[in-house]
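Please look over the chain shown here. The report below covers its domains, sheets and cores.

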Amino acid sequence: MVQFSEIAFQNKGVAVSLAGAKAYNPDGKNPEGEKPAMAIDGSTKTKFVDVNAGPLMIELTNQVEVDRFSFTTANDAPERDPVQWWLEGSSNGFDWVLLNAQRVDYPTPTGRGQQTEWFPFLKADFGYFFFRFVPTTRSANMVQISEIAFRNRGVQVSMSNATATNPGGENMIGETPDKAIDGNTQTKWIDKNVEGLIIGFVQPVQADSFSFTTANDFPARDPVQWQLEGSGTGVKWVVLHSQTTDYATPTERFTQTEWFSFAKASVPTPAPTPAPTPAPPTLPPAKVSLAVVTHMLPEKVRWSISVKGGAQLCAGGPYKQWYATILVAEGECKMKTGTTYELQCMDQYGEGWAGGHLKINDAKYCGDYQWGGGKVTNRTFVAP
Ligand SMILES: [Ca+2]
Ligand SMILES: [Ca+2]
């Protein structure tokens, strides 16, 4: 569930008028009196609530210049405040441009009726939040690489805040997408379905080339043709490098390819290059405590945690104890700092978690939902 009392826009420090603007919440579910229009009615006493945490769309009466935005918290329930978001702009309602992105939890004021800072819009050439490597192999029955890397003006892009996912992929045990960005050529990513490998960053990344490193065995699984794509939100992709004939991928094992330059309309004038900072080889393990707090009907709740868009990490439930706190053992769910995870809260009978919740460190999840029988609700969080 998401809520806030107002959203506002400015251009060069001047408020953008929302007079006559319409607000929509496609696929949303709003309680009576807490409709999308309440987010732009100019009153912090009224709020917009969406049980489905879907997008809020605001249609202005005429085209305007906007360079930053802000929102104001509602009257209650700080756990419903937005902490991560995408903000996009469009002149026709079809083609959207990414304007602002918050990919790690923002410290939204816990004070009620309180306005956030003004969030500036991204520059037009901000780079990408996501890269996707779509390979074809020599044998085409599975793909493997030990590492993928990006570079900008000769400086390697740090993977310390990156997440790797492989939607639609089928990985071997221990050979998951994250192994392609762990800085270790002894570990590898294998996908039996030869789907795309997506690398996501919490900050926009400028890159002008990429490279990959072969794994320990089977050169037949090496990529020889590919498309390397970039994206703002992970929905629409632009092709940055395309290899349409078989590339002479090194048959030597643990061997890095050359750097493949991205085709770009304009390359920015090189600034003095800072000394390269080597990427930390591995992400530190996160200190995450998980506890399931049950109230009534614990036998109907289940949950799972996955790398966002990727493999499942751990799962739990249903439970037998009413009104209990059930700790999830530390070794059962090994997360990495700065990685985005997707939590699924599952309900069998249609009453949400009936007063119970899942606690990740101090944040409560799952408990703030009421939903239809057999439904699943997704939340994302970033391991601290
Ligand atoms: Ca309002
Ligand atoms: Ca590796």
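Over how many bridges do β11 and β19 pair, and in which sense? They pair over eight bridges, in the antiparallel sense. The model is a predicted one.

## The five-strand sheet

β11 and β19 belong to an open sheet of five strands. The order is β15-β17-β11-β19-β20, and the pairing is antiparallel. β15 and β20 (238-243) are at the edges with a single partner strand each, so one side of each has no neighbour in the sheet. On average, neighbouring strands here are turned by 20° against each other, direction ignored.

Arg 132 has Glu 229 in β19 as its bridge partner.

## The four-strand sheet

A further open sheet has four strands, ordered β14-β13-β18-β21. Its pairing is antiparallel. β14 (155-156) and β21 (260-261) are the edge strands, and each pairs on one side only.

β13 (residues 147-152) and β18 (residues 209-213) run antiparallel and are joined by five bridges. Phe 212 has Ile 148 opposite, and Phe 210 has Phe 150 opposite. On to the next strand: β18 pairs with β21 over two bridges, again in the antiparallel sense. There, Ser 209 stands opposite Ser 261 in β21.

Nonpolar side chains tend to be buried together in soluble globular proteins.

## Nonpolar cores

The largest nonpolar core holds 35 residues. Ile 148, Leu 197 and Ile 199 touch the most other members. The elements that give two or more residues to this core are β9 (96-102), β11 (128-137), β13, β16 (189-191), β17, β18 and β19 (223-231). Why does this core lie between domain 1 (2-120) and domain 2 (128-261)? It lies between them because both domains give residues to it.

Leaving out residues up to four places away in sequence, Ile 148 touches Phe 133, Ala 180, Ile 181, Leu 197, Ile 199, Phe 210 and Phe 212. Phe 212 is also the residue opposite Ile 148 in β18. A second core is separate and has 19 residues. Among them are Cys 333, Met 335, Leu 358 and Phe 381.

## Domains and their contact

The domain assignment of the protein chain gives domain 1 (2-120), domain 2 (128-261) and domain 3 (290-382). How far apart are the C-alpha centres of domain 2 and domain 3? They lie 32 Å apart.

The contact takes twelve residues from domain 2 and eight residues from domain 3. On the domain 2 side, the elements giving two or more residues are β15 (163-165) and β17 (197-205). The residues on that side divide into four nonpolar, seven polar and one charged.

Methods
Residues numbered from 1 in each chain as written. Chains lettered and ligands numbered in written order. Predicted model: local features only at pLDDT ≥ 70, side-chain atom pairs only at ≥ 80, totals over all residues. Pairing = 2+ DSSP bridges. Domains from an automatic or database assignment. Contact = placed C-beta atoms within 7 Å. Nonpolar A, V, L, I, M, F, W, Y, C, P; charged D, E, K, R; others polar. Core = buried A, V, L, I, M, F, W, Y, C linked by C-beta atoms within 7 Å. Buried ≥ 20, exposed ≤ 12 C-beta atoms within 10 Å, placed from the backbone. Axes fitted to C-alpha atoms, helices over the stretch in contact; angles between N-to-C directions.
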